[in-house]
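Me: Can you walk me through this one while I have it open on the screen? I'd like to start with the charged pairs and then move on to the sheet.

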Amino acid sequence: MADTPNSSDSERSAESDAPESSGATSSNGTTPEAASPPAPDEAMEAADEDDLPVEALMYGDGHAAIPEIPSLTSDGSIDIDRLTSADFEAEDLRRRLRTMMLSRRLDEKMLTLLKQGQGHFHIGCAGHEAVQSAISRYSDPGAGAGHDWFCLYYRDLCMALSLGMTTREALLAHLAKADDPNSGGRQMPEHFGLRRLNVMTTASSVGAQFNPGLGFGFGIQQRGDDNYVYISCGDGATSQGDFHEALNWAAREQAPALFVVQDNKYAISVPIDEQTAGGTPYKLAAGYEGLSRMRVDGTDFFASASAARAALRHIRDGHGPVCLVADVVRLLPHSSSDDHTKYRTPDELEADRQIDPIARMEATLIEDGLLTEDEVEAMREEVHEEVDTAAEWAKTQADPDPATATDHVFFEGDLDIDYNSADDLDPDAEPLVMVDAINRTLREEMARDASILVYGEDVAGEKGGVFTATKDLTAEFGEDRCFNSPLAEGSIVGTAIGYAASGYTPIVEIQFGDYIWPAMQQLRNQVAPFRYRSNDTWSCPMVIRVPVGGYIHGGLCHSQNIEALFGHTPGLKVALPSNAADTKGLLATAIRMEDPVLFLEHKALYRAAAARRPTPPENYTLPFGEAQVVREGTDLTIIAYGMMVHKALNVAKELEADGVDVEVVDLRTIVPLDSETILDSIRKTNRALVVYEDHEFAGFGAEICAQIGDEAFTFLDAPIRRVAGEFTPIPFAHALERAVLPSDEGILEEARDLLAF
């Protein structure tokens, strides 16, 4: 089987050897029915398309693919040399045409397999091949220093093949085989994730790749490399807020990022004129100072190559990000689940077929004497044979073993951490409050490991966050290791993915738990399943620090408890310490972990005397998944975490006066959950009271109760009880807040009732 060509180091360097060809006429290769774009000189002199009415950007009824605009234009910030076939080695062009044919034939074969009941889904690249092939020509997926990074979207099949994915690998993915290199059958096909080629594991969520891609770009800057990150999407994804957040931050930091919008004029069935102001994403990108813009006919390989070469030269020379909008055609329905004849006319579909990028490339190479018609046909037959042979081979390969279905949710290796315990604390050491424990741990860990970065809203400088947890880190470690982010939680978490996946250890702060929700897309669909969906070939270890909880008169949006939702997110570890020593030990461990950790810090405990502890030694670490019995007892077990541990201890002290011996279990982490310590305690005391601050209804305490009911029912002498918050937002006024959050009095009353049962 013939391998598809990779973009190599020598190929990347060849761009500097290509003859300069300013203003040369491009060979467009259109079929007779298709309208020819203007000559290059006309294109460069044409009026800025921002002055054109929306109607002029559309074909026919306004819903077809290629607008009546110049084949290549820009905002004037980039010098563009027009390339023709004379600027390439003939063999290079033949290889690129072959890979484009291979991509198309794979689309066709996968659809045939689906009709035969082999495979479950397909989403096609047909019509997008030319611009992808052109960009790959100037990209380097090779391992080692200087390589580029790639954040693809599901229509980037030709790009993946051009970078080095093989025909066999594409078909293993289509058939969800065990050796699918993208995900081992865990994801739909066309969700690329090729670690050896630096292709980030792809999520289904539209636009989820923008900010992780930007994180890769920031990592490039941090290392001082001259490579770039390719961040690709369709036109529909530019309606997502992440697109604009990423453009803003990339422009501000002059990140080495190429944002490629493959504009086929449809977001599934919604046409561009119902989706995008101005009729093109090129206009959407106009408002970001420091971001260069280009627009190209993406069905023309040579126009696309001209744009790609100029854009990547601009980026590699340190001149900042580029948004390249490529007008392409979608020659297939959105996916195998779609029927585009329900919303597209026959005339419109035919108009797209007339500017098929492969037909245009073939025509140009024939016209320029680089291939004959017979050679093109022979190449097509060879590609068909390669795909058919690979498909038969792929059918015989092993399916994933059902026993592996739950593998790789978390890191499964040895962290090689020598953990401490409470016995390692010096009772005579200087007392430390929780917020200072966080600050001290960050300082110690940043000094230990230069890959650690701290960022978020307001974290830099002397302020050090609204709670001073990061105070003075910038002064000690520099602005490149502790810095402020835009006020955009999705971007904060999203960029941390790219940082982490490229070798850094980001510790990001979300200012309040109540404001984490803009990042939910990234946390749930990107961060948590990153390892799992890539079949353990990618990971993004990070720490997301989040102040949570009430009792501070914070009202509806400064008092939320969020652990239940994130405890229900496979792939994310969750810690909720109750005191300064545990905070220091668990945070140090979280930073050294290979999994993403949501580190929840109760705001009311930051400076509380009850949470103060003797200062732990440097390198003090505690294991996740080990609860602590903070008070021994025999008559009743109270299970709690965070702020509620202190209320449980208050109640235990009160009941001690009545001769009741209460055991208090501090969970410390809820993912992983130490069920054994809970169950061992209940087998001893025979009564269980679960206390948590979040809403009682569907709160995390309900999971604890369920486990107790399943595993310790025969040891119980009374019903399992809960004390938790009311099912209401947290009000601001003291009297109202007190009425809806757990109180010492309420816990005491429930404990006495349970003891009397």
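**Charged pairs and the sheet**

Reply: Asp327 is buried, with a relative accessible area of 2%, and please keep in mind that this is a predicted model.

Me: What does Asp327 form a salt bridge with?

Reply: Its partner is Lys265, and the closest N and O atoms of the two are 2.5 Å apart. The pair links distant parts of the chain, since Lys265 lies in the loop between S4 and strand S5 (266-267) while Asp327 belongs to strand S8, 62 residues apart.

Me: And Lys265, buried or exposed?

Reply: Lys265 is buried, because its relative accessible area of 1% falls under the 20% cut-off.

Me: How many salt bridges are there by this rule?

Reply: The count comes to 48 salt bridges. Among them is the one between Asp388 and Arg105, with the closest N and O atoms 3.2 Å apart, and this pair joins helix H13 (residues 373-395) to helix H3 (residues 90-115), 283 residues apart. Asp388 is partly exposed at 28% relative accessibility, whereas Arg105 is buried at 14%.

Me: OK, switching to the sheet. What's the strand order?

Reply: It is an open sheet of six strands in the order S1-S7-S8-S4-S3-S2, with mixed pairing, and its edge strands are S1 (72-74) and S2 (149-151).

Me: How do S4 and S8 run, parallel or antiparallel?

Reply: Strand S4 (residues 257-263) and strand S8 (residues 322-327) run parallel and are joined by six bridges, with Phe259 standing opposite Cys323 in S8.

Me: Which helix packs on the sheet, touching S4 and S8?

Reply: That is helix H4 (residues 129-136), which also touches strand S3 (229-234), and its direction makes about 165° with that of S4.

Note on methods:
Residues numbered from 1 in each chain as written. Predicted model: local features only at pLDDT ≥ 70, side-chain atom pairs only at ≥ 80, totals over all residues. Heavy atoms only, no water. Pairing = 2+ DSSP bridges. Helix = DSSP H or I, 4+ residues; strand = E, 2+ residues; numbered from the N terminus. Contact = heavy atoms within 4.5 Å. Axes fitted to C-alpha atoms, helices over the stretch in contact; angles between N-to-C directions. Salt bridge = Lys/Arg side-chain N within 4 Å of Asp/Glu carboxyl O. Buried < 20%, exposed > 50% of the residue type's maximum accessible area, 1.4 Å probe, protein only.
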